[in-house]
Amino acid sequence: MTFPDRPDGSSGALEGVRVVELASEHGALAGKILADLGAEVIVVEPPGGHASRRFGPFLDDVPGAERSLWWWYYNTGKLGVALDLHDTSGSDLLRSLIAASDIVLEGEPPGQLAELGLDFESFEPERPELVWVSITPFGRSSPRSREPITDLTLQADAGPVWSCGYDDHLLPPVRPGGNQGYHTACLWAVEAALVAFYARQTLGFGQHVDVSMNAACNVTTEAATYEWLVAGATVERQTFRHAAVRVTPPREMTSADGQTVIGALPRRTGEFQALSEWMTELGLRDRFDEFFFVEMGVERGGVQLPDITGDPEAAAIYQAGADGLRMVAAHLPGKEFFVQAQQRGIPAAMLFAPEDVVEDPHFSARGFFVDVEHDDLGRSFLYPGPVFQAPTSPWTVRGRAPHVDEHAERVRRAAGGM
Amino acid sequence: MTSALGGLRICDFSGQLAGAGATRFLAAMGAEVIRVEDPVTHGYWDVLRGVSPFVDERRGPDFGGPFNNHNVEKLGVTLNLRTDVGKELLRELVAISDVVTENFAPGVMARLGFAYDALRSLKEDIVYVSNSGYGHSGPYRDFKTWGPLVQAGCGLAFATGIAGHHPAAIGYSYMDHHGANVMAIAIMAGLLHRNRTGDGQWIDISCTDAGAFLNGPALLDYTVNGRPLRRSGSPDSNRSRAPVMAPHGIYPCDGEDNWVAIACRDDRDWRALAGVVAASWCAEARWASCPGRVEAEDELDRRLAEWTSSLDRFSLAATLREAGVPAAAVQRPSERIDHDPETAGWGLWPSVTHSKMGTVRVDGIPAHFSKTDWVIERGAPCLGEHNDVVFGDLLGHTDEELVAWRAQGVF
């Protein structure tokens, strides 16, 4: 039986799979996902705990190894053990533990584990079914493999930063917020790990999976890459819209309560119809000089984008649709605009801050936020939970992150009773 | 080389990037992915079939550069599901598939007559994976989205910007990539569960949930500490408050729109940086520790920017890394694709052969497998390119049947 038990009594897709994860700043999300999918994930930290326990934010803003919300989030559902790998008893225990595991997840500087005889090659002769996943900045064989990186320098080097920022290019380009370089590598690492594990079931052998964080970000930049690969063209960053080869019109709108909203500019008949009815209901039609063109959009059967450049009437209709939608947005609170637009068949969104996601009824209705008990504090907190609903093997946050060395005894038993 | 997913068959309705990206990866790992498209609309439900960039002046559903990029190594068939024969052929295909994937708006598969119960009646242990903007439950289940709307609705667009300015949002469909990555994870999780228990299931992905999931610590700061991100001076994603690092930013360099990213993780990094700057202001005591640098971070950034602005970004970044300080030039696409030994050494831009477009470079896979590595050689399928292979060779129908059905508009 996998430990810890899932609070809902279910079994996950990775029930019975044991993962040894060497704690790292950049690979922790991958281990968390495997744990949420049902694996028994044992996170191995150095004595005193991993450095990321010192990353904020902290519970009540008071630092402490058991108070880091960073650590909490990225390590839910894992078992924790602290081992000194430079001490024989520590490295021996890790060796036994790995020998009793199915998947190893690590982000150590390439070569470091080999020096300790704790790399994939050392285990392969005796444990050929082991799936070993390395997540490193440039992959294991790069000449730059030991250079220092952070999420910022990673995303600058590999493409994401070039595409983000403002129309004003005197302002620097911008890093996508929230450690997305690390996350990108971790999602790729998980899907690769699952493929390798599947192959082990069908082919009978494990293997080494070498994930490059730099490569992961490089292939996660959409048009920036294929515009260059296919057409030799370079995209330029633009405020609140896609980086593109050509400058596109501003798309964000401001609601009556000062929120930022965006919406699909009407093109189809139904969208012009919806806008026409909406403006009429709100009493805006008489205040909008170009309303005539909105109605014309209905009569004409919408407008085709290619027509807009060559056909003044189509251009006027398209512009009236955009201006009308902007007028509606300015008339309503942002949340109402977003929800009503969608209900009327006009795709739209409000710029949600993280707290808006927590307060919004949709996410709770799907069971996205889950209560995680912190028995040590006598409290429980809402955490982001399942990214997908899988009825017979649910994605489950099975419990809080481990304290430093909390599961030492269990882990020793798992390693073979040492 | 043996392929990891040989023998695995996916009946694939998914398109755009959020869907197609998932089965692209699995196809590169050896799965037989059969993309099913509508001949009546020329496959344009997936708009990427017809949009730029193009390799030359030719246009049409077989020439969209993004479609080629996202559909390498797949087979492509057309089926008019408004016809009885079309429906029957799809039933035959589902019956011999392991997985069915789609990223239509909720309700479309049911209207086609292929909701989960129908699929399960054709193949008891089918793994059916749906991927949509808000998922198939909850008050927003019918809402339509694409990348920018998902990113606005999940909190990630808000988290990207410079203090004192409006959020910049993410300048591409980041969550389409990760919708695809999460979908690949869901498919493989479903298959592993099936292998263990014999049970299939319907897995329902919400891209907006996935986006919120990728902003965890900020969400916990609100649910645990009650601190909203909507506050003065926040967000400022070029800086780092968790963990606290300063200096930490993107600074101007010599030339037009040239920038370098520099991050000092700790006081040791700062001392190394100060050693390279070698200016008297760096020696002031207030910069020596992180709290001091954070307190006057605007001034610190201004002084650093004055220093970097006359320097070449590549040589500066190399010098700083040599000194142990994380630093990188903000690379343009041309630079990271054509002039970066890292991506070249990885084999990150493989060339594929497309039946009409010819040889085109595409995205590779950021993981190398020591025994069953990925293969990306074949371009995306033209519309209906593999009808004969799939309906004839695979499903066993005769040439006469295929000719008749083609005349009836089934394909």
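I started with chain B, whose secondary structure comes to 17 helices and 14 strands (DSSP runs numbered from the N terminus: helices are H or I of at least four residues, strands E of at least two). This is a predicted model, where local features need pLDDT of at least 70, side-chain atom pairs count only at pLDDT 80 or more, and totals for chains, interfaces and linings use all residues. Residues are numbered from 1 along each chain as its sequence is written, and chains are lettered from A and ligands numbered from 1 in the order in which they are written.

I boxed the C-alpha atoms of chain B along the principal axes and got roughly 85 × 50 × 40 Å. Of the 411 residues in chain B, 57% are buried (20 or more other C-beta atoms within 10 Å of a residue's own; exposed is 12 or fewer, partly exposed in between, with C-beta atoms placed from the backbone).

Next I went to Phe123(A), which sits in helix 5 (residues 120-123) of chain A. Buried or partly exposed? I call Phe123(A) partly exposed, because 19 other C-beta atoms lie within 10 Å. Leaving out residues up to four places away in sequence, Phe123(A) touches Ile98(A) and Leu130(A) (contact means C-beta atoms, placed from the backbone, within 7 Å). From His50(A), Phe123(A) is 73 residues away in sequence and 25 Å in space, C-alpha to C-alpha.

Key
Contact = placed C-beta atoms within 7 Å.
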